[in-house]
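Please keep the sequence and the coordinates in view while reading.

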Amino acid sequence: MENYDSIVIGGGVSGLLSALVLSKSGKKVLVLEKNRKLGNNCNSYLVNGYQVDTGPHAITQLHEGGPLRYLMENYFDYIPAFVDYGDYFIRDKDGLKEVPTTLTGYLTMDVLPRKDRLIIAQSLTKMLLSWQFGTDISNISVYQSLPWNTLSSDTKEFMDTFSYFLSGKSAKETSVQRMFVGGGFIEEDIEKDITHENSEHQYIDKFKRMSYVSRLLNNNKVNYNQYYPRNGLKAILNAILYSLPETVEIKTNTAVEQIITENNTAKGVLTNEGSYFADTIIYSAFAKDLPRYVTDLPASYVSDLSRIKQSKSLTIWLGLDEEFEEFNYTGGEVWFKQKPFWAMPISNYNKSFAPAGKKLVGFMFSIDENSSLESEKSDAYETILRVYPGINKHIDMIHYQMTVPEKASMAINGFIAGITTPVKNLYLVGTDVDERSMGITRAAYSIVKLITVLRKEQIPNL
Ligand SMILES: Cc1cc2nc3c(=O)[nH]c(=O)nc-3n(C[C@H](O)[C@H](O)[C@H](O)COP(=O)(O)OP(=O)(O)OC[C@H]3O[C@@H](n4cnc5c(N)ncnc54)[C@H](O)[C@@H]3O)c2cc1C
């Protein structure tokens, strides 16, 4: 039996960022990770001489005031190098077309029928205005916000694909509000979040929340402000690990089996290796699984957690020879017909990710949770062969990854858990805890919120 100030459950990016923040204020922290390795969804590894990431990644909101930037500047001992993400393209039968970055560009983009482009612009502008004037549109789906049955099948597929990228769910399950809040462009002041009296982030002025769609509809030019870590996703992980003080102890291959509570207060954890005790327990695994670890949670909270929705993703990494020229750009491309995917030729950011004369491309598919993995893999692979005729002659390496990219999809009637729990001293972090942005940025928002809450409830000098 050992005592710590804080125990962090899970050694992914959320858990490690929590450990970093706590330890930098002098706390003795124990991180428990069930897997052999740290990082989970935020890592890179070698496959036959190629450095693959755990899925294609674009890191958003690295501008001043963005949550990851705030954490890097205040807690990291060094900041990894990031390179500009590049451009977004839509691929159709005629090849690549740049995703429009202005309203005029959108209105003249010939990927979708002109009639549909106008209908979408008009319908979404109406929704945006009523939201800005105070109407609650959170339960109106993208599907409901458009005259769906009048749209061509291409446009329906396009809107479904766009919805998947924003929320992890189809147009029927994605709130149209997500189109306006989006994954990036939330201009807010993190310092205010940190020092704000009230832990609710009601200071966020929704008029300032400028997603890709709201910028276009308001006739602003889109600036993606997205980046890629030049040495791969593991560069973020390595920078956190390097910055951890010696007061952080990490145990891998150690699965938490139970969170020990007494008088509704978290006291410690029981693992496959023994028990550990602390004043603060930070839980970064799936919030929806929390009832497995804490047996006496209130029924209403358990019911809320059961409403958390998730989606799965399948990434196919292909090592290709340089002669295959379809991927000679930096950025990402989207295929939206039939089986949609997002592709990123990541070795264009850093040639060392692939052996000499080769390149590395990641293709990410959202997959049906209920179909078999083997059928999903072969469908996805066949789609790639169909979209890029002749690619099969250039494949040198193929590697599959199956993952849950976000712990909570931003779906209608879904639930976002929040930092605090009904159990005193037990806090949650990760992508199922904060609605803002996506992925690593969303995880970083949850850490910023954790700082606010802990300063108020437990650790004023954090
Ligand atoms: C294919 C794909 C594409 C993505 N694209 C992007 C992108 O473009 N941009 C972006 O910003 N983000 C993206 N993301 C999301 C991003 O990678 C994740 O949001 C982030 O890495 C999540 O980190 P986390 O620590 O919250 O969760 P996780 O990585 O899931 O970490 C949780 C950890 O808890 C551990 N754990 C669970 N249960 C226990 C237990 N009982 N005991 C001990 N340990 C336990 C797990 O093993 C895991 O290591 C993508 C993810 C994927 C998979």
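A salt bridge is here a side-chain nitrogen of Lys or Arg within 4 Å of a carboxyl oxygen of Asp or Glu. The model to which this criterion is applied is a predicted one. In general, side chains of opposite charge can pair when their charged atoms come close.

Buried means under 20% relative accessible area, so R91, at 4%, counts as buried. E326, at 35% relative accessibility, counts as partly exposed.

A further salt bridge, between K251 and E249, has an N to O distance of 3.3 Å. Its lysine, K251, is buried, with a relative accessible area of 18%, whereas E249 is partly exposed at 29%.

The salt bridge between the side chains of K339 and E376 spans 2.8 Å from N to O. Here too the pair links distant parts of the chain, since K339 sits in the loop between β15 and β16 (341-344) and E376 in helix α13 (residues 373-387), 37 residues apart. Both K339 and E376 are buried. Elsewhere, salt bridges link several residues into a network, whose members are D92, K93, D94, K97 and D110.

The domain organisation comes next. According to the domain assignment, domain 1 is made up of segments 2-43, 61-72, 230-308 and 409-457, while domain 2 covers 99-223 and domain 3 covers 312-403. Between domain 2 and domain 3, about 720 Å² of area is buried, and carbon and sulfur atoms give 68% of this. On the side of domain 2, E157, T161 and F165 supply 57% of the area buried against domain 3, more than any other three residues.

In terms of contacts, 9 residues of domain 2 touch 10 residues of domain 3. There are 3 residue pairs in polar contact between these domains. By class, the side of domain 2 that touches domain 3 comprises 5 nonpolar, 1 polar and 3 charged residues. The rule finds 1 salt bridge across this interface.

Two individual sites complete the account. G105 lies in helix α3 (residues 103-108) and is partly exposed, with a relative accessible area of 22%. Its C-alpha atom is separated by 9.9 Å from that of K221, which is 116 residues away along the chain.

Is S284 buried or exposed? At 7% relative accessibility, S284 counts as buried. Its side chain reaches the backbone oxygen of I9 at 2.7 Å. Apart from neighbours within four places in sequence, the residues in contact with S284 are I9, G10, S14, G15, K407 and V429.

Key. Residues are numbered from 1 along each chain as its sequence is written. This is a predicted model: local features need pLDDT of at least 70, side-chain atom pairs count only at pLDDT 80 or more; totals for chains, interfaces and linings use all residues. Side-chain values use heavy atoms; hydrogens and water are left out. Buried means under 20% relative accessible area, exposed over 50%, partly exposed in between (1.4 Å probe, protein chains only). Helices (H or I, at least four residues) and strands (E, at least two) are DSSP runs, numbered from the N terminus. Domain bounds come from an automatic or database domain assignment. Contact means heavy atoms within 4.5 Å. Buried area is the accessible area (1.4 Å probe) that two parts lose on being put together, summed over both. A polar contact is a pair of N or O atoms within 3.5 Å; within protein, one must be able to donate a hydrogen and the other to accept it, and residues adjacent in sequence count only if both atoms are side-chain atoms. Ala, Val, Leu, Ile, Met, Phe, Trp, Tyr, Cys and Pro count as nonpolar, Asp, Glu, Lys and Arg as charged, and the others, Gly among them, as polar.
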